Amino acid sequence: MMATGARDAFLQWMETERRASPLTLAAYRGDLDRFLSFLMGHLGAEPDLGALAGLSLADLRAWLAHEHNAALTGRRATTQDRAARTRARRVSALRSFYRYLARYHGVDNPAPALLATPRTRRPLPRPLPRPDALEVPEGVADIAHTPMAQVRDGALFMLLYGCGLRISEALGLDVRDFDQAASLGNPVQGDGVLRIRGKGGKERMVPVLPQVMQALRRWRNAHPLPQPDAPLFVGVRGGRLQAGIAQRAMRTWRHMAGLPEHATPHALRHSFATHLMEGGADLRVIQDLLGHASLSTTQRYTLADEARLMDVWTRAHPHATTDTPPDTAR
């Protein structure tokens, strides 16, 4: 088998067996395409499985150096941290490819595991203040051009902040998902439970507060074609609402409201988690609600909550009080 055939088989395996997202597949394909293109020149011919098995650590480092130099000469130089993240992703793609080759094609090469992965600094979440987050649904709805869009946008942004969903998760919902959420809720309290399909096809159950259910119910009643298999959030032509349209609506509103550039739909997810943590919610609970595979991802919110930690310190630490004058006897 030639290397290109092995690449295609690997990506197919990632999609069907590992349920990798389309973005992950596209990134891995791009990285492996660049790797195989480099090998064509480095080895003088398209590599087969035997050539892949025979690559040394020096060969792999030569590829990474080639990519680094190409970024500089091609005027694609980025910040040091972005460059480190790109390198880390390429190393990850290469290692995953070789693990697949070892498992299914008998290609045993220890070199990819020996590549050093650069450390990257993950940016801390930047939530909105509570008053701004609460104002988003009504604010974005007010600038919509049609009555239908006003009800739709109000429900969408209420859902994003009220349940901490990714924009792709919210826009991936169908009408039947809302109907099921209503059936799983308490009819007296008016709440609900949504089944969300997140990254990698993983499912989680997310409680929906009565106020959010009310907004969604108003939108369902105004939905132009509320068939069970229809998208819950639709555009003007009846198709599934595109994320870019929702992002543009919030961008327009944030400029009008004077909010910072990080006030995006995803910032509502950060706000959801941060405000729950400020209210005393358990970190494991927040992890389940957000659908994080690793608790370390959720723990970023503890680092971002510096204001709350400082407030606790000033109220609890004995040295934080100013009632007692400093001891000047010495």
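Which residue follows α2, and is its phi positive or negative? Gly-44 follows α2, and its phi is positive, near 85°. This is a predicted model.

**Helix α2**

- Helix α2 runs over residues 22-43 and holds 22 residues.
- At 1.5 Å a residue, α2 should span 32 Å. Its end C-alpha atoms lie 31 Å apart, which agrees with that expectation.
- The buried residues of α2 are Leu-25, Tyr-28, Asp-31, Leu-32, Phe-35, Leu-36, Phe-38 and Leu-39.
- An α-helix has 3.6 residues a turn, so residues three or four places apart point the same way.
- The other side of α2 carries exposed residues: Pro-22, Leu-23, Ser-37 and Gly-41.
- Beyond the helix comes Gly-44, with its positive phi.

**Second largest pocket**

- The second largest pocket contains about 470 Å³ of space.
- Its lining is made up of 20 residues. Closest to the pocket centre are Arg-152, Val-236, Leu-241, Ile-245 and Arg-248.
- Two helices, α8 (147-163) and α12 (243-257), each supply at least two residues of this lining.
- The largest share comes from α12, which gives four residues.
- By residue type, the lining has eight nonpolar, seven polar and five charged residues.

**Annotated active site**

- An unreviewed UniProt entry carries the annotation "active site" for Arg-166, Lys-199, His-266, Arg-269, His-292 and Tyr-301.
- One of these annotated residues, His-292, is found in the loop between α14 (283-290) and α15 (295-298).
- Is His-292 buried or exposed? His-292 has a relative accessible area of 12%, and because buried means under 20%, His-292 counts as buried.

**Asn-186 and its loop**

- Asn-186 is found in the loop between α10 (175-184) and β1 (192-197).
- Asn-186 is partly exposed, with a relative accessible area of 30%. That value lies between the 20% limit for buried and the 50% limit for exposed.
- Asn-186 and Pro-210 are 24 residues apart along the chain. Their C-alpha atoms are separated by 9.4 Å.

Notes. Residues are numbered from 1 along each chain as its sequence is written. This is a predicted model: local features need pLDDT of at least 70, side-chain atom pairs count only at pLDDT 80 or more; totals for chains, interfaces and linings use all residues. Side-chain values use heavy atoms; hydrogens and water are left out. On a 1 Å grid over the protein atoms alone, a cavity is a set of points where a 1.4 Å probe fits but cannot get out, and a pocket is an open set with protein on both sides within 12 Å along at least five of seven lines; lining residues have an atom within 4 Å of a point. Grid points are joined across faces, edges and corners, and a volume is the space filled by probe spheres set on the points. Ala, Val, Leu, Ile, Met, Phe, Trp, Tyr, Cys and Pro count as nonpolar, Asp, Glu, Lys and Arg as charged, and the others, Gly among them, as polar. The expected span of a helix is 1.5 Å times one less than its number of residues. Buried means under 20% relative accessible area, exposed over 50%, partly exposed in between (1.4 Å probe, protein chains only). UniProt positions are given in the numbering used here, feature names are shortened, and annotations may be inferred rather than shown by experiment.
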